[in-house]
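Trainee: I've got a model open on my screen and I'd like to learn how to read it. Can you walk me through a few features?

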Amino acid sequence: MHLGKSLLVFVLLTVFLSCGIECKKLYFDQLRKNLFFNDPKEPVENSAASTHWVLLVAGSNGWDNYRHQADVSHAYQVVRKHGIPEENIITMMYDDIADNRENPTKGKIINHPHGPDVYKGVVVDYKKHDVTPENFLAVLRGDEEKMKHIGSGKVIKSGPNDHIFVNFVDHGAPGLLAFPSSQLYAKDFIQTIKSMHSKNQYNEMVIYIEACESGSMFENLLPSNISVYATTAANAFESSYACYYDDERQTYLGDLYSVNWMEDSDSEYLNMETIHKQYLVVKKDTNTSHVQEFGEPKISRQSLDNFQGEPGYDVDPRPNMQAIKFDAVPSEDVPLAILYNRLDNTNNPSEQQILKDKVKALIKEKDEVEDLMKRIVRRVSMMSNRHFAGLMGASHPLTDHDCYRTAVDVYDQHCYDISQNGYARKSLRKLVNMCEENISPVVIVNAITKACKN
Ligand SMILES: *[C@@H]1O[C@H](CO)[C@@H](O)[C@H](O)[C@H]1NC(C)=O
Ligand SMILES: *[C@@H]1O[C@H](CO)[C@@H](O)[C@H](O)[C@H]1NC(C)=O
C-alpha cells in the first residue's frame, strides 16, 4: 500500500516534470477543479430507455454578432462528439456568418483564437427568417404540424423518459430573449415548458442561456418541481460578455459564459463531471457577470453526459484550450469595441476617418436612445405624478410581465427595433421600473407612442 502510493507520486511527478508548459497548465487546471469543485455524483436511473434531444439556438444575425453563431456551432460539435445522433439535434441559426462577405476564411467559423472550424458538419434546421420565437417554441414542444412546411421540419419528439438539453445564445433584456426580428418573452417560454411537463414530454430538461439579463428569464418564474434545471450567463440586471476579439476577422469569436462551459466540456470526460461542477467552474471563470442557476438542483448532480452526450459514448478530452479572455466587453458595447479595435489596427488615414465617423454615429445613436427613453419616463412621471429620478434609477425585479410586454411591443414597433439595437434593449429597464411601480400600461403606451410619433 505504502509502496504503491510512493510509486504513484513518483510517476505523477515524473510526468509533471517532463511535460511542457501547456501540459503543466492542464495538470494544474485538473488539480484545481478536482480539489475545489469536487462533489458527489448521483447515479442515474433507467438512462438506457432514455433518448437525448438537443435544441441549439443562436438568435442574432450580422457580422458583429459572429460570436453567437460560433458558440452554437461549437455546441453542436460538443454534443455530436459525445454521441448525440444528428437526428436528435435541432439547430436554429440565421446562418449568415460562414459565407459572410466579411469572412476572410470562407465557409469556416471559429470559436477560439487558435480553434478549429466549428461550422464543419453543422446541420442547420432552421435559418434566416425561420429563426423566430414561435418556431422555437413549436420545435421545443414537438409541434410537427406547425413546422411541417418550415425549414427541415424537425421537432423534438420526446417522450416521458427523455432528456432535453437546450442551449440558447443571443442578446437579451429583462424578461426576454432577442431573435433576429422579434423577441421571446419569458412567460411564453415557461408556459411551454410547464405544458410539456404536464404532458409528460420529458423526464428531465437542462437549459443553458447566454444573454444579457438572462437570469430574468427564470427568476420567480421557473418552479423547482417540473424537472428543469437552468443556468444563465448573467443575473436579471446585468450584461453578458463577449470575448476573444480577433484581428483577422475583426469581430469577437465567443461569449465568456459559452466558451467557458464548452471549453470545460471539451477538456473533461463527460461521465466524470457533474452538471453542478460545470456550473461552479463556469461561475468562477465567468467573472464579469454573475452566472446563475434555477429550477431543480437535484438534476445537476448527474454527470454531463446525461444531457450533452450519450452515456457510455466516451471520447478522450482534449487539453484545455483556455486562452486569454481579459478582453471581455459587455454585449451592448460590442459594436463600439469592434470599431475601436479596428481603429487600433489601421494606419490608413482614410480608413481611420471612416471608422471615426462610425464611432461618432454610434455614440450619437446611444445618446438618442437614452434621450428618447428619458422623454418617455418624464411624460409618464408627469401623467402619473411620480418622481422622474425614481422611475429612472430604480432597479425592480420584473414581476408584471403583462404590462411590460405591452410596453415593449409598442416601443419595439414605434421607437427602435430592439432585436437589432443594444442600447434600446438596455433602456427597457425603465419600462420595467414603470410597470413595477404600478403605473397603468395605458399611460406608458401613450407616452411611448407620443415620444416616437415621428
Ligand atoms: C409545483 O409546486 C407548486 C407550488 O407548491 C404547485 O402549485 C404546483 O402544482 C406544483 N406542480 C407540479 C407539477 O407538481
Ligand atoms: C477576471 O479574471 C481575470 C483573470 O483572472 C482578471 O484579469 C480580470 O480582471 C477579472 N475581471 C473582473 C471583472 O474581475
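Trainee: Let's start with the cysteines. How many disulfides does a search of the whole structure find?

Mentor: Keep in mind that this is a predicted model. To call a disulfide, you look for a pair of cysteine sulfur atoms within 2.5 Å. Searching the whole structure that way turns up 2 disulfides.

Trainee: Which cysteine does cysteine 403 join, and where do the two sit in the chain?

Mentor: Cysteine 403 is bonded to cysteine 435, with an S to S distance of 2.1 Å. The bond ties together distant parts of the chain: cysteine 403 belongs to helix H12 (residues 401-414) and cysteine 435 to helix H14 (residues 429-436), 32 residues apart.

Trainee: Which cysteine forms a disulfide with cysteine 415?

Mentor: That's cysteine 452, and their sulfur atoms are 2.0 Å apart. Here the S-S torsion is about 100 degrees, so the disulfide of cysteine 415 and cysteine 452 is right-handed. This pair also links distant parts of the chain, 37 residues apart: cysteine 415 is in the loop between H12 and helix H13 (422-427), while cysteine 452 is in the segment after helix H15 (441-451). Both cysteine 415 and cysteine 452 are buried.

Trainee: Okay, on to strands. How should I think about where the side chains point?

Mentor: In a regular strand, side chains alternate between the two faces of the sheet. Take strand E8 (residues 228-232) as your case. Val228, Ala230 and Thr232 point one way from E8, and Tyr229 and Thr231 point the other way.

Trainee: How many residues of E8 are buried?

Mentor: 5 of its 5 residues, so the strand is mostly covered.

Trainee: Which strands pair with E8, and in which sense, parallel or antiparallel?

Mentor: Go through the partners one by one. Strand E7 (residues 204-210) pairs with E8 in the parallel sense, over 5 bridges. Within that pairing, methionine 205 has valine 228 in E8 as its bridge partner. Strand E11 (residues 292-295) runs antiparallel to E8, and 4 bridges join them. There, tyrosine 229 stands opposite glycine 295 in E11.

Trainee: What is the strand order in the open sheet of 3 strands?

Mentor: Read it across the sheet: E10-E9-E12, with antiparallel pairing. An edge strand pairs on one side only, and here the edges are strand E10 (251-255) and strand E12 (329-330). Strand E9 (residues 241-246) and E10 share 4 bridges in the antiparallel sense.

Notes:
Residues are numbered from 1 along each chain as its sequence is written. Chains are lettered from A and ligands numbered from 1 in the order in which they are written. This is a predicted model: local features need pLDDT of at least 70, side-chain atom pairs count only at pLDDT 80 or more; totals for chains, interfaces and linings use all residues. Side-chain values use heavy atoms; hydrogens and water are left out. Buried means under 20% relative accessible area, exposed over 50%, partly exposed in between (1.4 Å probe, protein chains only). Two strands pair if DSSP finds at least two bridges between them.
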